[in-house]
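Okay, thanks everyone, I'll keep this short. Have a look at the model on the screen and then I'll walk you through a few bits of it.

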Amino acid sequence: MGVESEKSVQLFLSIGLDERTAKNTVANTKVTKNLLAVIDEAGVAEGCERAIGNLIYTVATKFPANALVHRPTLLQYIVTSKIKTPAQLEAAFAFLSNTASETLKVKEFEEACGVGIEVSLEDMEKTVNDIFEENKNTIIEQRYRTNVGELFGHVRKRQPWADPKVVKQLIDTKLYALLGEKTAADNEKPAKKKKEKPVKVEEKKAVEESTVPKPPEEDMNPYAVFPRPDENFKVHTEVFFSDRPVLRACNSKEILEKHLKKTGGKVLTRFPPEPNGYLHIGHAKAMFVDFGLAKERNGGCYLRYDDTNPEAEKKEYIDHIEEIVKWMGWEPYKITYTSDYFQDLYDLAVKLIQKGHAYVDHQTAEEIKEYREKKMNSPYRDRPIEQSLKLFDEMKRGMIEEGKATLRMKQDMQSDNFNMYDLIAYRIKFTPHPHAGDKWCIYPSYDYAHCIVDSLENITHSLCTLEFETRRASYYWLLDALELYQPFVWEYSRLNITNTVMSKRKLNRLVTEKWVDGWDDPRLMTLSGLRRRGVTSTSINAFVRGIGITRSDCSIIRLDRLEHHIREELNKSAPRKMVVITNMEGGTSMDLDAKKWPDAQTDDPSSFYKVPFSNVVYIEHTDFRVKDSKDYYGLAPGKTVLLRYAYPIKCTDVILGDDKETVLEIRAEYDPLKKTKPKGVLHWVGEPSPGVEPLKVEVRLFDKLFLSENPSELDDWLGDLNPQSKVVMPCAYAVPTLRNATVGESFQFERLGYFTVDKDSTSDKLVFNRTVTLRDSYAKVGK
C-alpha cells in the first residue's frame, strides 16, 4: 500500500470506519475521492464519532448527484447531530433528489427529515407494547420463529424517527418477557408439511404450477429495466475531465418539465439505420429493442434515416429499410431523416462556437489522427471565436476547398476516453444530398448530429449497441454544452451468431465480389436473405426475445438456436408435402389422404391433401440398399417397409445396369390389407397418372455459409467459406398439389425439412429453398 493510500486509511479510521471498510474503500478510487471530498466539506479531518462517521460514509456513496450543491448543508446537519439516524438520512436523500439544484426550502426539508423530533423512551415503549398486543396470538403461536423484522417495520411506520438500536432492544426484551427462555422445540427446524393429495387432475396441475418459481420480471418483460420518462432527472452517467469538474449528466427540472409537456409523458424511441446497406439480423434485435419498448409503453418509435453522408446513401436502401421494418411487424411513429434538421444543426454549431466549445481546424486528416494519438492540441484550437465564426460561414458558402477545413468540438484532449479528443462536427463535401438536394456543402458528423437530433425529437430512451458506450461521454458533453434536453442513454450487447459475418464491410465484399448471389442470398443473415430462405418475421422476433436485452458482449449465439425458433414457427404453419430427390426414372391409380399438419384431426377434411398412388412410385435414392444391415430401416431385397400414408411394400427383385451396380428399378409387392407392420417408413412420390412423371421441381439445399463458428476472427475469412453452403438439385419429384404454390409459401417436405418457394420460380418450373432441416439440436441440448 502506498503512502497516500495509508494516509487515507488512517483518515477513514479516524471517522469511525472499521479497518476492513477503510481498506476496501481505498481500493475503490471513485469512492475514495468522494469520501475525501465529503470529509473535507464536513470539516472532520481530525476525526469524529463513529455514528457521525458512518452517516458521512453513506453520504459519500449514496448522495444524489443531481443535488451536489446541497451536500455541504446536509453534512452540517449530520455533524451537529440534527440528522443522526439512517432513516433521517434516507429521507434527506429523497428530498434533495427531488429538489435537485433548486433553492433548498429549509422548513420543508427539516419536516421531511424529522429534524428536531426527539422520540422519548416512553413513546418507543408504548409503541412496541401496542404492536405486541395487536400481534400477541401470532407471536405466542410462532414463538421465536416470529419475524422480528416485521415487528420492527410496524414500529418504524408509527415512529419513523425512533432510535433503531433502542427499538431493537425493546422488541427483544418484550419477546423474552412474553415467551421466556427458548425451549428445545424453539431450536428445532420446522417440519415440512406434506402436500395434500389433489383430488382432481386440474387441481394437481394448479398445485404443480404454483410450486414453479416465477421467472425474473426482465424475462417476462425484457423492457422492465428502462426508467419512465418522468424519472429522467436522475444522474446515471458521469463524464470525467482532465481540467474541470466532473459532469454529472442529468436534466434540470425546468428542461424535463418542458420535455414532458411536449410529449405528454409518452415514451419515444428511435431506430436510426444508415441508408447505406441492407439490414441484417442484428438490426432485428435493434428493432425489437426500439420499437418493442415503445409498443410496450404505449409510445412511439421514429424510423430515422441517419443520412449525414451524402456519398453513401441510396434510395434503394431507403426503400428496402422501410419495407423490412414493416415486414418485421413494426409500425413507425414517424419517418424522419437527420437531413430534416440540417438547418437546426448548423444554427447549434454556430451557438457552440459562440460559447467557445468549437473551432475551425485546418489540419489534414493525417495530422488530426497523429495529434489525437499523441493527445496534442491542434495549433488552431485556441483561435479567436470571431475567426472561427467567420471561417465556418465561409465553409458553409463553399469558399473553402474540400479537405482544407473542419469544425471540431473543443472537448478534452487529455481525457482517458479517445472519443473526447475534439471530435469533428462538420466536414466540407461538394456533393449533392439525396434528400436535402444541393443546398449544403458542409455536412455534420454522426457524433455531432445523432445526440442533437435525439434531443430535438424529444427521444426519451436513446438505445444502441455496446460499441457506442465510449461515445456516451461525448453525447452528454455536447447536449450539456448546448443546454439541450438529454435523453436516457443505454447500451446493449450486439447480436453475434456463429458461422456467419455481419459487418457491413464484409457483407458488402461478399456481395460485390459475387461470393454470394446478392444481398438477399438465402445463406446470408440479411433480413431479406432470411425472408427469401423462408424464415418468418415472428420466428426472428421470438429468437431475439429469447436471447434477451443484456449488456454481456462476449457471447456468440449458436446458429442452431435461431434454427430452433424457425422450426417452432414453421411446424405450426407449414403444411406437409412429400418430395423425392432422386435420379431414378419411372398404370391404375388411386388417391390417398396425406396429413397437412402433424396433429391433423381425422374428422377435418381440410387437414388432408390427396396423393396419387400407382404401380410406379419414386423413393429417395438413400432409402434403398442392395445389402441390408440391422441399423438400416430403408428398403432392401426381401425386406418390407411402409410407404407413408399408403401401404407396406416388399422388395422382390432389383434390376441393375450393365455395370452390375447401378440400380435401375426396384420391383415390389404391396400389401393392400396392411397385415405387416414394418419399422421403416419411407416418403415417396407416385405417377399422377399411368406413364406420366411426377411434378419436377428444383430444390436448393442451404447450409452454414462459413465452416468456422467465428470467421470474423480469421485473417483469411473468405478462405473459410463452406463450399457446400449451397447445393442445387435441378430435378426433384414432387406431388401434383404443389403445382400452384406461390412465391414465399412454405411447406414441410417430410423427413427433409422446411422449404419455401423462391422468387426464381417460373410457370414451367418451381424452385424451393430449404429454410431449415427437421433435426433440432438446440432443443435436444436444452433451451
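So, the accessible surface of the protein chain comes to about 41000 Å², and carbon and sulfur atoms account for 50% of that. Keep in mind that this is a predicted model. The chain has 783 residues, and 47% of them are buried. As for secondary structure, we've got 27 helices and 26 strands in there.

How do α18 and α21 pack, at what angle? Helix α18 runs over residues 342–354 and helix α21 over residues 446–456, and the two pack at an angle of about 110°, with their axes 11 Å apart. Angles of 65 to 115 degrees count as roughly perpendicular, so that's what α18 is relative to α21.

Who's doing the touching? On the α18 side, it's D344, L345, L348, A349 and L352; on the α21 side, Y448, A449, I452, V453 and L456. Sort those by class and you get nine nonpolar residues, no polar ones and one charged.

Last stop, a histidine. H565 sits in helix α26, which covers residues 559–573. Is H565 buried or exposed? Its relative accessibility is 17%, and the cut-off for buried is under 20%, so H565 counts as buried. And which residues does H565 contact, leaving aside its neighbours within four places in sequence? Those would be S539, A542 and F543.

That's my tour, so over to you for questions.

Key: Residues are numbered from 1 along each chain as its sequence is written. This is a predicted model: local features need pLDDT of at least 70, side-chain atom pairs count only at pLDDT 80 or more; totals for chains, interfaces and linings use all residues. Side-chain values use heavy atoms; hydrogens and water are left out. Axes are lines fitted to C-alpha atoms, for helices over the stretch in contact, and angles run from 0 to 180 degrees between N-to-C directions. Helices (H or I, at least four residues) and strands (E, at least two) are DSSP runs, numbered from the N terminus. Angles under 35 degrees count as roughly parallel, over 145 as roughly antiparallel, 65 to 115 as roughly perpendicular and the rest as oblique. Contact means heavy atoms within 4.5 Å. Ala, Val, Leu, Ile, Met, Phe, Trp, Tyr, Cys and Pro count as nonpolar, Asp, Glu, Lys and Arg as charged, and the others, Gly among them, as polar. Buried means under 20% relative accessible area, exposed over 50%, partly exposed in between (1.4 Å probe, protein chains only). Accessible areas come from the Shrake-Rupley method with a 1.4 Å probe; for residues, only the protein chains shown count as cover.
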